[in-house]
Amino acid sequence: MADFRRVRAGGTELETADWGLGEPLVFVQTALSADEFRPLAEDNALRDGYRKVLYHRRGYAGSAPARGAGSIERDARDCAALMESLGIERAHVLGGSYAGAVALRLAVDSPGRVHSLVLLEPPPTITSRAPEFRVLVERLIRAGEERGPSAVLPEFLSSFGWDPGSPDPLGPGSSRQMEQDAGTFFGTDLPALLDWRFGADDARRVRCPVLHVGGAESGPYFAGVREVVRRWFPEAEDVVIPDSGHAMACTHPAAVGAAVASFLGRHPMWSAPPSPSPAPRP
């Protein structure tokens, strides 16, 4: 994997790793954990044939701060601008959880940029349980304002089935990085998630092939997400990773990588060159 470097993307700078040769595959960073998709991006199933782009959104790790009100739309514009800066006209785009919302918005707002779309359990705000989920998010935001973002991290992790007592619940170094970026998560991303609206009419504007990957143990919120995605995109491919939860890209990268690689292989960006004609017989 290449080292991260700052790349100008519209009105900001995003810390970006860009490596490999082949069809571009862009990993949109999810919320809270800056490097949750890194194990997946480095998995052997995606090693050959792809130019991988893994980046940190505003306010995460070494990217520029997230100033002003955040939004899913702004994050989608940042992703499109980053692709333009890197000279990538079109790519396979992967997003999970919060980043699934960003990837969906990108596919609607910049359809020419998205050749195929891989969704790892987008946010439950698209389901019938959205009101319940919004109450949970609003409570977490208030708690972050009252007690400080870092103090509320264990509560958030336990709400989604992760062990808050684990030294690094989302990969090596994740605890320290999450504490560093918690202000962006509680102050920018969660409010942006509450403002996000995406429905069936928006989904009909997504024209590219879609894969949804879910965790068998992700719980009822994300089981509902899977149902909605399958209803919105009847022709979408659907994979459930056994014995995995919402953080499957980090905890089960080989299984997720195999599913993603299989899907991308069925939807190549570039046609194979024609086989050379046999030489004429003398």
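Mentor: Let's begin with arginine 129, which is partly exposed at 29% relative accessibility. In this predicted model, arginine 129 forms a salt bridge with glutamate 132, and the closest N and O atoms are 2.7 Å apart. Glutamate 132 is partly exposed too, with a relative accessibility of 40%. The general idea is friendly enough: side chains of opposite charge can pair when their charged atoms come close. Salt bridges that share partners also join Arg6, Arg8 and Glu13 into one network.

Now look at arginine 38 and glutamate 42, whose side chains meet in a salt bridge at 3.2 Å, N to O. Arginine 38 has a relative accessible area of 32%, so it counts as partly exposed. Glutamate 42, at 38%, is partly exposed as well.

Next, turn to arginine 57 and aspartate 75, whose side chains meet in a salt bridge with an N to O distance of 3.2 Å. Arginine 57 sits in the loop between β4 (50-55) and α2 (72-85), while aspartate 75 belongs to helix α2, so this pair ties together parts that are 18 residues apart in sequence. Here arginine 57 is buried, with a relative accessible area of 2%.

Note on methods. Residues are numbered from 1 along each chain as its sequence is written. This is a predicted model: local features need pLDDT of at least 70, side-chain atom pairs count only at pLDDT 80 or more; totals for chains, interfaces and linings use all residues. Side-chain values use heavy atoms; hydrogens and water are left out. A salt bridge is a side-chain nitrogen of Lys or Arg within 4 Å of a carboxyl oxygen of Asp or Glu. Buried means under 20% relative accessible area, exposed over 50%, partly exposed in between (1.4 Å probe, protein chains only). Helices (H or I, at least four residues) and strands (E, at least two) are DSSP runs, numbered from the N terminus.
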